[in-house]
Amino acid sequence: MKITITTKGIKSKDKDAPKKAYLCFRLRDKGVDIKVRSDIEVLAEYWDSDVLAYRRTKAIPSDEQRKTKALVKSAIEALYESFNADTADVAWAKSVIEGCITPTPKEGTGLTTVVSRMEQYLAEHPMSKGSVLAYKPTIKKLQRYEAFKREIEGKEGFTLYCETIRPEDYLDFREYIINEYIYYNDYPEFYEKFDLGSHPPKQPSSTWVIDVMHHLRIVAHWCIRMGFTTNRSCDAFPIPAAVHGSPYYLTLEERDKVFHADLSKKPALEVYRDLFMFQSLTGCRVGDMFSLTPNNVAGDILQYLPHKTMRNRPQTISVPLNTKALTILKRYKGKQEKLLPTRQVYKYNEGIRAVLRECGINRMVTILDTTTGNEVQKPICEVATSHMARRNFIGNLYKQVKDPDLISSMTGHVNGSRAFARYREIDEETKISLVNLIN
C-alpha cells in the first residue's frame, strides 16, 4: 500500500489571516483507492508535502512543528498496521486517523488515566511532604488541560491514558501549561469552575515547566516498573536541561553581620535570623532542619538522614557544630519538641528577606530570570530564600577548602553531581589562589 498526503485549503472570512489547510490522506493498493480529509490543520504556507513536516520557520512554535510531524507519522503508521485490502474503506481510514488525533479507550479495556496513576503514585510512593505538595499542581494542571481540550477545543471525551498517551500528547500538554496564563484571560468563564481564586495562572518559568514535565516522566517510569503499562512514549519527547544562573550567597562578613545583629525589638525576626543562621552553619535542607529533634545531636555533632535521598541512597550526614551553631541551639533548648522552632516555608522565606533588609544586606546580585532567560540585577535581600542558606554553607566552605568530596559529605550530594557543581562558584579569589600555586 502507498500513502500520499496533500492539503485542502480552509476557507476563511478573514482575508488577512494565515491560510490554513486540512491534510488529506490517499491510500492506494491493488483494487483500493481511498481518499480521506482529516481534521489535522496546518499553515499551508509553511507545510512541505514532500517531507510531511513544516519547513524551517520561526513563524510556528517549534513544539507545534514537532507535534504535527509526530501526529502525521503516527497516523501513517496506524494506517499501515491496520490495513486490510478486503475491508479497507473511507470509514475505516477516517476512524484510524481520528483515533490518532484523539485516542479514546474502548469499554472494558481497563485503561487507566494519567491523573489517577499520578494520584496513586503520591499515595503509595515514599516521598517527603514537600515533594507531594510539588506534584499536586501538576495534577491540577492535567485536569484543567483535559477539560480545556474537551470544552474549548471540542475534543469530546478527551482523556490522557497511561496505555495510549503519545509523545505529541506530552508536547501538547507542555504547550498548554506554557500558555495557560493567556488562556485564563481569553476564557474567564471556563476557568471560573476551577476556583483558582487569588492564584491565577502566571507566565511560567522554563525551570517550572521542566519540573512539571519531569513529574510526568517520573510517574510514567514508575508505571512501567510496576507493570501497569509497557507504553514508553514518555522517553520520546525531549526535556531540556534546566538553566541555572551563577550561585549567589552571603559572604562570611555579611553572614556574621546577620548573626550578631540586635533584633531584640523584633522578636519574630530573631527566630527567623536564628533559623537562617543555623541552616547557613550546617548546610541542611529546610525540610530536614524542621524535622530535626534533640536526638539528632550527639555531643557537638549533628547527624541526620536527608529526606530527599533517604529511599534511594540512605546515608547519614554528620556535620560538626561550631560555636555559633551551638549558641543558637542553646537559645531554644527545651522550648519545643523539635530541635528548633518550625515555620511554614513561605513564611520562613519572607522572614529571611525581612531579616536581611533589617540588617542592611542589600548587595546587588545577578540572577537568571527563568521566564525571560535574561540576567537581571536585584538586591540580595529581595531574592534570598532558605535554599540560599545552603549556598552560604557550601560556597564559603568551598572558598576555604576547594575539596568538593569533603564538602558534599556534609551536604548529602553525590560526589561529582552536577547539582553540587552549581554551588562551586569559580570566582576571582579561587583563580588567583590557583595561579599562585605555580608562582
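Colleague: How many helices and strands are there in the protein?

Modeller: The protein has 17 helices and 10 strands. Keep in mind that this is a predicted model.

Colleague: What share of the residues of the protein count as buried?

Modeller: Of its 439 residues, 43% are buried. The protein exposes about 24,600 Å², with 51% of that supplied by carbon and sulfur atoms.

Colleague: How do I read a sheet, and what is the strand order in the open sheet of 3 strands?

Modeller: In general, the strands of a sheet pair through backbone hydrogen bonds, and the pairing is either parallel or antiparallel. Here the order is β1-β2-β3, and the pairing is antiparallel. β1 (2-9) and β3 (32-43) are the edge strands, each pairing on one side only. On average, neighbouring strands of this sheet are turned by 25° against each other, ignoring direction.

Colleague: How many bridges join β2 to β3?

Modeller: Strand β2 (residues 20-29) is joined to β3 by 9 bridges.

Colleague: Which strands does helix α1 lie across?

Modeller: Helix α1 (residues 62-82) lies across β1, β2 and β3, and runs at about 135° to β1. Helix α2 (residues 90-101) also packs on the sheet; it touches β2 and β3, and its direction makes about 30° with that of β3.

Colleague: Why is helix α9 described as largely enclosed?

Modeller: Buried here means under 20% relative accessible area. Because 13 of the 16 residues of α9 are buried, the rest of the structure largely encloses this helix.

Colleague: How far apart are the end C-alpha atoms of α9?

Modeller: At 1.5 Å a residue, the 16 residues of α9 (residues 267-282) should span 22 Å, and the end C-alpha atoms are 23 Å apart, which agrees. G283 follows α9 and has a positive phi, near 75°.

Note on methods: Residues numbered from 1 in each chain as written. Predicted model: local features only at pLDDT ≥ 70, side-chain atom pairs only at ≥ 80, totals over all residues. Heavy atoms only, no water. Helix = DSSP H or I, 4+ residues; strand = E, 2+ residues; numbered from the N terminus. Expected span 1.5 Å × (residues − 1). Buried < 20%, exposed > 50% of the residue type's maximum accessible area, 1.4 Å probe, protein only. Areas by Shrake-Rupley, 256 points an atom, 1.4 Å probe, with all protein chains shown as cover. Pairing = 2+ DSSP bridges. Axes fitted to C-alpha atoms, helices over the stretch in contact; angles between N-to-C directions. Contact = heavy atoms within 4.5 Å.
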